[in-house]
Amino acid sequence: MSEYSGYSLILSFTHFYKCVYFYRPEFKLMVNLILFGPPGSGKGTQAEKLIERYRLVHISTGDLLRAEIAAQSPLGQEAKSFMDSGRLVPDEVVIGMISAKLDSNPKAGGFIFDGFPRTTAQAEALDKLLNAKKFSITRVLSLQVSEPELIKRLLNRGKTSNRSDDRDEGIVRNRLDEYRRKTMPVADYYDRQRKLSDIEGEGRIEEIFNRLTAAIDGAGN
Ligand code: B4P
């Protein structure tokens, strides 16, 4: 046997082993992604492009909460004071919203969770909800952006958007504190499941999108 065909044989065996090892027949074949990162890291910006590429249902807890506030629903009224001061909305409120959104999309080929989970309790709840439906998370894409750049982006958006949480530097800093204290541990949760990919989140939007798609497309190989 030539050196080349010996090498190919080893590669095919490794591929076969991975397929057998990772194939769980009880789990449906879906792509379920989490876009993870601090406020202003570009989760919403990149989610818009990813849903188009992969035809996934977009679930942004930030957008859902802002819609509840606009509708002046009881849930929105509860969420508003937390969001206006840069704090996270209580877990049970957000988890209930996600559960309803999963139930209302029974035919989805997969989901992009944008801005969720933001606490370890939310991550555990998401695993339970998905397990009950025989789904699982495929990959967690963690956007890495420096703090000065985050502050710059958010205050910049605050000049044109009507988002009250983007206008005041004190509130932006509260959001970053909440992220460090409550959300960063979520990355370890998924790292332990070997699902975390760190993605450089600074640069042109298209460049970052290419980094994300490379991580998603390479996830099963
Ligand atoms: P979100 O709506 O999730 O908003 P975000 O984290 O501030 O923004 P994102 O990362 O999506 O930034 P974007 O792409 O828009 O949360 C808002 C609030 O809702 C939270 O503070 C919390 O109170 C509440 N909440 C939401 N989910 C929750 C949960 N699960 N549990 C509890 N509470 C929850 O980008 C920001 C700006 O940067 C934009 O202006 C964009 O144009 C710009 N930008 C993007 N990419 C760029 C790039 N590459 N270069 C330069 N600028 C870029």
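Which strands does helix H9 lie across, and at about what angle does H9 run to E5? In this predicted model, H9 lies across strand E1 (31-36), strand E4 (139-144) and E5, and runs at about 160° to E5. The angle is taken between N-to-C directions on a scale from 0 to 180 degrees, with axes fitted as lines to C-alpha atoms, for helices over the stretch in contact. Residues are numbered from 1 along each chain as its sequence is written. Because the model is predicted, local features need pLDDT of at least 70 and side-chain atom pairs count only at pLDDT 80 or more, whereas totals for chains, interfaces and linings use all residues.

**View 1. The protein chain and its secondary structure.** The protein chain has nine helices and five strands, arranged along the sequence in the pattern α-β-α-β-α-α-α-β-α-β-α-α-β-α. These elements are DSSP runs numbered from the N terminus, helices being H or I with at least four residues and strands being E with at least two. Of the 221 residues in the protein chain, 29% are buried, a residue being buried if 20 or more other C-beta atoms lie within 10 Å of its own, exposed if 12 or fewer, and partly exposed in between, with C-beta atoms placed from the backbone.

View 2. The five strands form an open sheet in the order E2-E3-E1-E4-E5, with parallel pairing, where two strands pair if DSSP finds at least two bridges between them. Strand E2 (57-60) and strand E5 (196-200) are at the edges with a single partner strand each, so one side of each is left without a neighbour in the sheet. From one strand to the next the twist averages 20°. Four bridges join E2 to strand E3 (residues 110-114), and isoleucine 59 stands opposite phenylalanine 113 in E3. E4 is joined to E1 by four bridges and to E5 by five bridges; valine 140 has leucine 196 in E5 as its bridge partner.

**View 3. Leucine 35 and the largest nonpolar core.** This core has 36 residues, and those that touch the most other members are Leu33, Ile34, Leu35, Phe36, Ile112, Phe113 and Leu141; a nonpolar core is a set of buried Ala, Val, Leu, Ile, Met, Phe, Trp, Tyr and Cys residues joined through C-beta atoms within 7 Å. E1 provides the largest share of the core, four residues. Leucine 35 stands opposite leucine 141 in E4, and its contacts beyond four places in sequence include Lys43, Gln46 and Ala47, contact meaning that C-beta atoms placed from the backbone lie within 7 Å.

View 4. Glutamate 178 is in helix H8, as is arginine 181, the helix spanning residues 169-192. Glutamate 178 is partly exposed because it has 19 other C-beta atoms within 10 Å, whereas arginine 181 counts as exposed, with 11 C-beta neighbours inside 10 Å. Leaving aside neighbours within four places in sequence, glutamate 178 is in contact with Gly86, Arg87, Leu88 and Thr183.

**View 5. The residues around the ligand.** There are 27 residues around the ligand, of which Gly44, Thr61, Gly62, Gly115 and Arg157 come nearest; a residue belongs here if its C-beta atom, placed from the backbone, lies within 6 Å. The elements that give two or more residues to this shell include helix H2 (43-54) and helix H3 (61-70).

Terms used
Two residues are in contact if their C-beta atoms, placed from the backbone, lie within 7 Å.
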